[in-house]
Amino acid sequence: MELKMSDIAKMAGVSKAAVSFALNGKPGVSEETRKKIFKVIKEQGYEPLRKHKKGSVRKLASISLVIIQDRAGMMNRSYASLPFFDTLVSTLSQNVGGFGGQVQIVNLDIRHLRDDIANNKALKDSKAAIVLATDLNRHQVEVLNTQLRNVVFIDNYFENVAVDFVSIDNFQGAYQAGKYIAKKGYSRIGYVASNHIIFNFLQRRAGFRQAMKEANIKIPPEFVISLNPTELRGTLPDILKRKQNLPEAIFCEDDYMALRLLKELTRQGVKIPDDIAVMGFDDIFEDTMVTPKLTTVRVPITQIVMQAINQLQSKVAEHDWLPQKCFISTKLIKRESL
């Protein structure tokens, strides 16, 4: 028998109004009463998925945040130290926990997806999941979509896969960056690319290339540099160690690479932006902790999470829900490095 709010109220020995207040994160109930209500909810496996009024979005009691770990990718063993991850988890927890929901983090190995899913009882029982799909390819997305119930993928996108995606508009962000660099009058432009094949970065590459094409600027092969996208330390490529024939400005596919260049160039006595201008992508916290502060492209992580939650709630509530793909635009952040 499906439990109702009145059943939870009776089991907890409180009023139906108290249960409603607790589920919606509203004042009006004591902390002791709130804990009692959620204890009953947890014990009974109650899913408070409900509509308050016609046209409103129903809320979920719990969401699984699925992290796909890839030793060779962005989501490697140290993924939890990435700045965006902390924002992702805190935003998700605040919004789901606000009405008594819970967020469970599930780690899967990209090399053993099917086995890891089959052996994870909590994930199999989960009714809603958000997958951080940064390192996934098309086939892996399809595997997860068939194995999990009610799933939304974030931070990746494939045109030819009918699943729910919420992603950054990487093409638009890098295109905007390229147009800004060209407008500043730079013509000898370098490009720092990830040494790992990541779909997001391929989209950034395409957007920047389009901006250069429209500005009639060609990037010479020797000005294209490859770096690890998650390392802040390391020696500079040979091209940047010489004192002549250098690019005037360099765009990096993420802020880690940009900060690495900025720090090493400054250490060698190169003046930024006078000798070389540097621009990144992501707008991580460290960008404002260096001198000069890093010009970059802001990724709206909070908005991405909010959209994913809203999409997931609708997907669970509507039996006829069709997959929805959503792009969130980026914002140019002008600072002193360019």
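Author: A residue is called buried when its relative accessible area is under 20%, and exposed when the value is over 50%. The coordinates come from a predicted model.

Reader: Is cysteine 252 buried or exposed?

Author: The relative accessible area of cysteine 252 is 0%. The cut-off for a buried residue is under 20%. Cysteine 252 therefore counts as buried.

Reader: And cysteine 326, buried or exposed?

Author: Cysteine 326 has a relative accessible area of 17%. Burial requires a value under 20%, so the residue is classed as buried.

Reader: How many disulfides does the structure hold?

Author: A disulfide requires two cysteine sulfur atoms within 2.5 Å. With that criterion, the number of disulfides in the structure is 0.

Reader: What share of the residues in the protein is buried?

Author: The protein has 338 residues, folded with 11 helices and 12 strands. Its accessible surface is about 16900 Å², and carbon and sulfur atoms hold 49% of that area. The buried share of the residues is 51%.

Reader: What is the strand order in the open sheet of 4 strands?

Author: Strand 6 (residues 189-194) pairs with strand 7 in the parallel sense over 4 bridges. Strand 8 (residues 249-252) pairs with strand 9 over 3 bridges, also in the parallel sense. The order of the open sheet is 7-6-8-9.

Reader: Which strands are at the edges of this sheet?

Author: In the order 7-6-8-9, an edge strand pairs on one side only. The edge strands are strand 7 and strand 9 (277-279).

Reader: Which residue of strand 7 is the bridge partner of serine 194?

Author: Strand 6 and strand 7 are paired in the parallel sense. Within that pairing, serine 194 has as its partner leucine 227.

Reader: At what angle does helix 8 run to strand 8?

Author: Helix 8 (residues 170-183) lies across strand 6, strand 8 and strand 9. Its angle to strand 8 is about 175°.

How values were computed:
Residues numbered from 1 in each chain as written. Predicted model: local features only at pLDDT ≥ 70, side-chain atom pairs only at ≥ 80, totals over all residues. Heavy atoms only, no water. Buried < 20%, exposed > 50% of the residue type's maximum accessible area, 1.4 Å probe, protein only. Pairing = 2+ DSSP bridges. Helix = DSSP H or I, 4+ residues; strand = E, 2+ residues; numbered from the N terminus. Areas by Shrake-Rupley, 256 points an atom, 1.4 Å probe, with all protein chains shown as cover. Contact = heavy atoms within 4.5 Å. Axes fitted to C-alpha atoms, helices over the stretch in contact; angles between N-to-C directions.
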